[in-house]
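Hello,

Here is the structure you asked to look at. My notes on it follow below.

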Amino acid sequence: MIIVGFLVEKHFISRPSLFANVIALNIYLIAQRISSPFLCLYANVGLVLGFIAILAYWSDTSLSWLFYSVAYAYNSVFVGLIILAL
């Protein structure tokens with residue numbers, strides 16, 4: 001996941017990969033019973049962004065540069081490193 005993210009998501013994160021990353025992060029946190037307030041906040045914000053991204057993808061709606069700027073924090077490299085670090 002980290003290698004693919006590094007190669008593919010250097011400057012852009014697609015909406016389906018954003019959704020997949022935040023789902024993976026949330027499942028991991030739940031499965032490992034990790035309840036750090038900062039990680040939970042990060043994961044929950046990502047979950048909201050992921051649902052917005054997948055709905056926009058399904059409806060073929062463009063999202064703003066601001067959305068993608070914030071969503072970049074949920075690319076495969078960051079999410080993969082977080083999972084490995086825990």
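Helices here are DSSP runs of H or I with at least four residues, numbered from the N terminus. On that basis the elements of the chain run α-α-α-α-α from the N terminus on, which comes to five helices and zero strands.

Please keep in mind that this is a predicted model. The mean pLDDT of the chain is 86, and 85% of its residues reach 70 or more. Among the elements, helix 1 (residues 2-8) has the lowest mean pLDDT, at 57, while helix 3 (residues 37-58) has the highest, at 93. Where pLDDT is low, the predicted coordinates should not be read in detail.

Overall figures: of the 86 residues of the chain, 35% count as buried. The accessible surface comes to about 5500 Å², and carbon and sulfur atoms account for 73% of that. Of the contacts between residues at least 6 apart in sequence, 75% join residues at least 24 apart.

Helix 3

With 22 residues, helix 3 reaches 31 Å from its first C-alpha to its last, close to the 32 Å expected at 1.5 Å a residue. Its buried residues are Leu 39, Tyr 42, Ala 43, Gly 46, Leu 49, Gly 50, Ala 53, Ile 54 and Ala 56. Seen down the helix axis, these buried residues fall within an arc of 150 degrees, so they line one face of helix 3. Pro 37, Leu 41 and Leu 55, on the other side of helix 3, are exposed. What covers the buried residues of helix 3 includes helix 2 (15-31), helix 4 (65-71) and helix 5. Just after helix 3, Asp 60 takes a positive phi of about 55 degrees.

Val 22

Val 22 is found in helix 2. Its relative accessible area is 1%, and the cut-off for buried is under 20%, so Val 22 counts as buried. Which residues does Val 22 touch, not counting those up to four places away in sequence? They are Gly 46, Leu 47, Gly 50 and Tyr 74. Val 22 and Gly 50 are 28 residues apart in sequence, but their C-alpha atoms are 6.4 Å apart in space.

Helix 5

Asn 75 caps the N-terminal end of helix 5 (residues 76-85). The cap is made by a side-chain oxygen of Asn 75, which lies 3.0 Å from the backbone nitrogen of Val 77. Val 77 is also one of the buried residues of helix 5, together with Ser 76, Val 79, Gly 80, Ile 82 and Ile 83.

Regards

Methods:
Residues numbered from 1 in each chain as written. Predicted model: local features only at pLDDT ≥ 70, side-chain atom pairs only at ≥ 80, totals over all residues. Heavy atoms only, no water. pLDDT = per-residue confidence, 0-100. Helix = DSSP H or I, 4+ residues; strand = E, 2+ residues; numbered from the N terminus. Buried < 20%, exposed > 50% of the residue type's maximum accessible area, 1.4 Å probe, protein only. Polar contact = N/O pair within 3.5 Å; in protein donor to acceptor, adjacent residues only side chain to side chain. Expected span 1.5 Å × (residues − 1). Arc of directions from axis to C-beta. Contact = heavy atoms within 4.5 Å. Areas by Shrake-Rupley, 256 points an atom, 1.4 Å probe, with all protein chains shown as cover.
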